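The following note sets out some remarks on the sheets of this model and on the packing of its helices. Please read the points against the coordinates.

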Amino acid sequence: MTTILEREVPIECAGEIQTLTLIAHYDSRLRKTVRWSVQGDAITVRIPPCVRRKEVDRILEDVISRVRRDRDRARQKRDRALQRQDADLQARARALNRLYFDGELTWRTIRWVGNMQRRLGSCTNGGPTDGDIRLSERIRSWPSYVVDYVIAHELAHRKFPNHSSAFWAYLARYPHMERARGFIEGVAFADGAVFEEDAGLAPADLPEAGGGNRPL
Ligand SMILES: [Zn+2]
């Protein structure tokens, strides 16, 4: 592959300037179609040799405007997710309770909080704050089935305040449990982060083999 050019491209997204590196190559394996991809901060464009040099600039401008549009869309999607309000949480918790737990669970409040980093959710059982469910704002923009999983997880603690096998069997009524837990593991892996289970576990609740928290 012959490199045609490599340059920095400022892209504005919601008032912030991000600088991406644009790399364009001639790729003799391509016949007519231009291919491009974005990885991290690099945009790589592969151009078939039949394209004349003077057309390349137009193609690159086109690619840059597509990247800009994609980023704008992703941003808008995130903003919409951020608008999920506490009232929505309450409605979703009610719906999950009705759909999967026969409407048998009760709680007092459910709300987003900004001070949980490692924990995704929490639920108090007993005491003056009995039935307060909190979800970390960190997960606010995550897919709905994952947010629903975390809500269902905290709701299920209203019946089983531990992580016993009975708890997991009960929570498995939520049909996307495994998929959601896979998503959470994937995010944790990609970030090099460790997400803790919601509350500290009583020793009796530790998984039989291995010990330690079963990560959310
Ligand atoms: Zn839990």
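1. A residue is called buried here if 20 or more other C-beta atoms lie within 10 Å of its own, exposed if 12 or fewer do, and partly exposed in between, with C-beta atoms placed from the backbone. Helices (H or I, at least four residues) and strands (E, at least two) are DSSP runs, numbered from the N terminus. By these criteria β1 is hardly covered: among its 12 residues the count of buried residues is zero.

2. The model is predicted; local features need pLDDT of at least 70 and side-chain atom pairs count only at pLDDT 80 or more, while totals for chains, interfaces and linings use all residues. Residues are numbered from 1 along each chain as its sequence is written.

3. β1 belongs to an open sheet of four strands in the order β1-β2-β4-β3, with mixed pairing; two strands pair if DSSP finds at least two bridges between them. The edges are held by β1 (2–13) and β3 (35–39), each with a single partner strand, so one side of each has no neighbour in the sheet. From one strand to the next, the twist averages 20°; axes are lines fitted to C-alpha atoms, for helices over the stretch in contact, and angles run from 0 to 180 degrees between N-to-C directions.

4. Strands β1 and β2 (residues 16–26) run antiparallel and are joined by 11 bridges. Within this pairing, I11 stands opposite Q18 of β2, and C13 stands opposite E16 of β2.

5. A further open sheet has three strands in the order β5-β7-β6, again with mixed pairing. Its edge strands, β5 (109–113) and β6 (121–123), each pair on one side only. Here the twist averages 15° from one strand to the next. β6 and β7 (residues 132–136) run antiparallel, with three bridges between them, and C123 has I133 in β7 as its bridge partner.

6. Helix α2 (residues 86–100) packs on this sheet and touches β5 and β7, its direction making about 135° with that of β5. Helix α3 (residues 144–156) also packs on the sheet, but touches β6 and β7, and its direction makes about 20° with that of β6. Contact means that the C-beta atoms of two residues, placed from the backbone, lie within 7 Å.

7. How do the axes of α2 and α3 cross? They come within 10 Å and cross at roughly 70°. The two helices are therefore roughly perpendicular to each other, angles under 35 degrees counting as roughly parallel, over 145 as roughly antiparallel, 65 to 115 as roughly perpendicular and the rest as oblique. L89, R92, A93, L96, N97 and Y100 of α2 make the contact with D148, I151, A152 and L155 of α3. These residues divide into seven nonpolar, one polar and two charged (Ala, Val, Leu, Ile, Met, Phe, Trp, Tyr, Cys and Pro count as nonpolar, Asp, Glu, Lys and Arg as charged, and the others, Gly among them, as polar).

8. α3 also packs against helix α5 (residues 177–191), at an angle of about 105° and with the axes 9 Å apart. That makes α3 roughly perpendicular to α5. In this contact, Y145, V146 and Y149 of α3 meet M177, R179, A180, F183 and I184 of α5; the residues divide into seven nonpolar, no polar and one charged.
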